[in-house]
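Colleague: I have a new model open and want to learn to read its features. Can we go through it step by step?

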Amino acid sequence: MKKINFTMHFTVMQHSFDRVFKDMLAFQKEHLQELFVCNDTVTVKLLTERRNIKNGMVNFKDKSYPVIKTSKNYNHNYKDKYVEFPLPLADLALMKDFALTSEEVRHEPEMFDLDWLNVPYKEWHKYEGEHRAIEKRHGLFKLRPSLNIDGDVNLGHYFLMNESDISKALIKEWIFFYLDKYQAHCHFHGLNRFYPPPVWPFSLYKKRLALEWFTFLPAEILPEEVPSANEVIYLPNRGSIIISTEQPYDFENPEMRKVAAAIEQELHHLGLLPIVNHVGIPQINDLPFVSREQRLKNMSQGSGV
């Protein structure tokens with residue numbers, strides 16, 4: 001059974017971190033609890049003050065949890081440590097406040113560092129390196145909320161699952177959980193699959209964006225303009241989600257790669273295949289939204305994205 005390692009990212013603007021954090025907890029409960037093994041605890045890794053860790057226990061608000069692992073904070077200006085410990089699901093809401101106890105985070109809020117997983121980190125890496133299938137209802141997830149210097153909230157969702165447990169309909173449910181809640185204040189950054197080294201997806205066009213399974217572009221696109229795509233979803237005044245294939249897209253699959261190449265050709269013809277460098281800059285959400293009317297005007301003047 002083939003495993004798929006992928007990430008799904010969002011940025012939420014103009015909303016409090018408290019609200020977004022609660023919604024991330026709700027996403028875990030509503031969409032992940034039935035599909036993934038969660039037991040009654042999750043594993044938390046966060047940056048916290050060293051004084052919160054004593055005698056193999058991590059302590060916060062009169063509660064104590066056994067430490068799985070500690071490691072140093074590489075910023076030597078602060079006496080913080082990274083700590084990994086099991087947290088009861090009933091205490092999930094404490095995680096944000098716990099992470100805010102870090103000396104570094106208090107001085108630099110955008111350094112907020114918190115992960116939670118349904119297995120210890122060593123289990124995640126063990127499954128990544130094994131060829132055998134993940135047990136039924138034992139896919140792995142890692143959720144990571146963070147702040148940026150503008151006060152926007154970034155939500156990272158990382159998954160390691162059997163290919164048979166993933167569907168286009170499932171991913172659409174996950175995406176619209178956030179998009180429906182935050183309307184124009186939520187950027188979806190696409191679905192990105194991790195491949196074993198040295199595989200690195202590349203576009204048919206040099207220095208252009210390589211298509212993924214779900215790719216977001218900040219432009220109004222009609223389905224008939226990209227006929228090779230499996231589906232095109234337009235988000236009014238925000239952009240379009242291009243779904244390349246019905247099944248999970250695999251860059252190493254020659255037939256799927258042909259489909260992606262055809263979509264890239266169609267987007268390039270429309271002037272909608274952005275230029276990126278080797279680390280994906282500029283970020284897609286940094287590009288301005290382009291309406292179809294403006295795009296047609298740009299094309300008539302010989303300009304594009």
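Colleague: Let me start with charge pairs. Which side chain meets Arg 257 in a salt bridge?

Modeller: First, a caution: this is a predicted model. Now the idea. Side chains of opposite charge can pair when their charged atoms come close. Here, Arg 257 meets Glu 264, with N to O at 3.5 Å. Both Arg 257 and Glu 264 are buried.

Colleague: What about Glu 255 and Lys 258: are they buried or exposed?

Modeller: Both are exposed. Glu 255 and Lys 258 form a salt bridge, and their closest N and O atoms are 3.4 Å apart.

Colleague: How many salt bridges does the count come to?

Modeller: The count is 19 salt bridges. One of them pairs Arg 193 with Asp 250. Their closest N and O atoms are 4.0 Å apart. This pair links distant parts of the chain, 57 residues apart. Arg 193 sits in strand β11, residues 186–194. Asp 250 is in the loop between β14 (239–243) and α6 (254–269). Both Arg 193 and Asp 250 are buried.

Colleague: Now a charged residue without a partner. Which side chain of opposite charge is nearest to Lys 142?

Modeller: Asp 115 is the nearest, 4.8 Å away. Lys 142 is buried yet has no salt bridge. Leaving out residues up to four places away in sequence, Lys 142 touches Asp 115, Trp 116, Leu 117, Tyr 121, Trp 124, Gly 156, His 157 and Tyr 158.

Colleague: And Arg 295: why does it count as buried?

Modeller: Check the relative accessible area. Buried means under 20%. Arg 295 has 2%, so it is buried. Arg 295 is in helix α7, residues 292–300. Beyond its neighbours within four places in sequence, its contacts are Glu 220, Ile 221, Glu 225, Leu 270, Leu 272 and Val 290.

Colleague: Next, helix packing. At what angle do α1 and α5 pack?

Modeller: Read the angle, the axis distance and the handedness together. Helix α1 (residues 17–32) and helix α5 (residues 168–182) pack at about 150 degrees, with axes 11 Å apart. The crossing is right-handed. On the α1 side, the contact residues include Val 20, Met 24 and Phe 27. On the α5 side, they include Trp 174, Phe 177 and Tyr 178. By class, the contact has nine nonpolar, one polar and five charged residues.

Colleague: Last topic, the backbone. Which residues other than glycine have a positive phi?

Modeller: Most residues other than glycine have a negative phi, and most peptide bonds are trans. Asp 62 has a positive phi, near 65 degrees. Asp 62 lies in the loop between β4 (57–60) and β5 (63–66). Its relative accessible area is 87%, so Asp 62 is exposed. Gln 183 also has a positive phi, of about 45 degrees. Gln 183 lies in the loop between α5 and β11. At 46% relative accessible area, Gln 183 is partly exposed.

Colleague: Where is a cis peptide bond?

Modeller: Go to the bond from Pro 197 to Pro 198. Omega is near 5 degrees there. Pro 198 lies in the loop between β11 and β12 (214–217).

Terms used:
Residues numbered from 1 in each chain as written. Predicted model: local features only at pLDDT ≥ 70, side-chain atom pairs only at ≥ 80, totals over all residues. Heavy atoms only, no water. Helix = DSSP H or I, 4+ residues; strand = E, 2+ residues; numbered from the N terminus. Buried < 20%, exposed > 50% of the residue type's maximum accessible area, 1.4 Å probe, protein only. Contact = heavy atoms within 4.5 Å. Axes fitted to C-alpha atoms, helices over the stretch in contact; angles between N-to-C directions. Left-handed = near helix turned anticlockwise from the far one by under 90°. Nonpolar A, V, L, I, M, F, W, Y, C, P; charged D, E, K, R; others polar. Lys, Arg positive; Asp, Glu negative; His and termini not counted.
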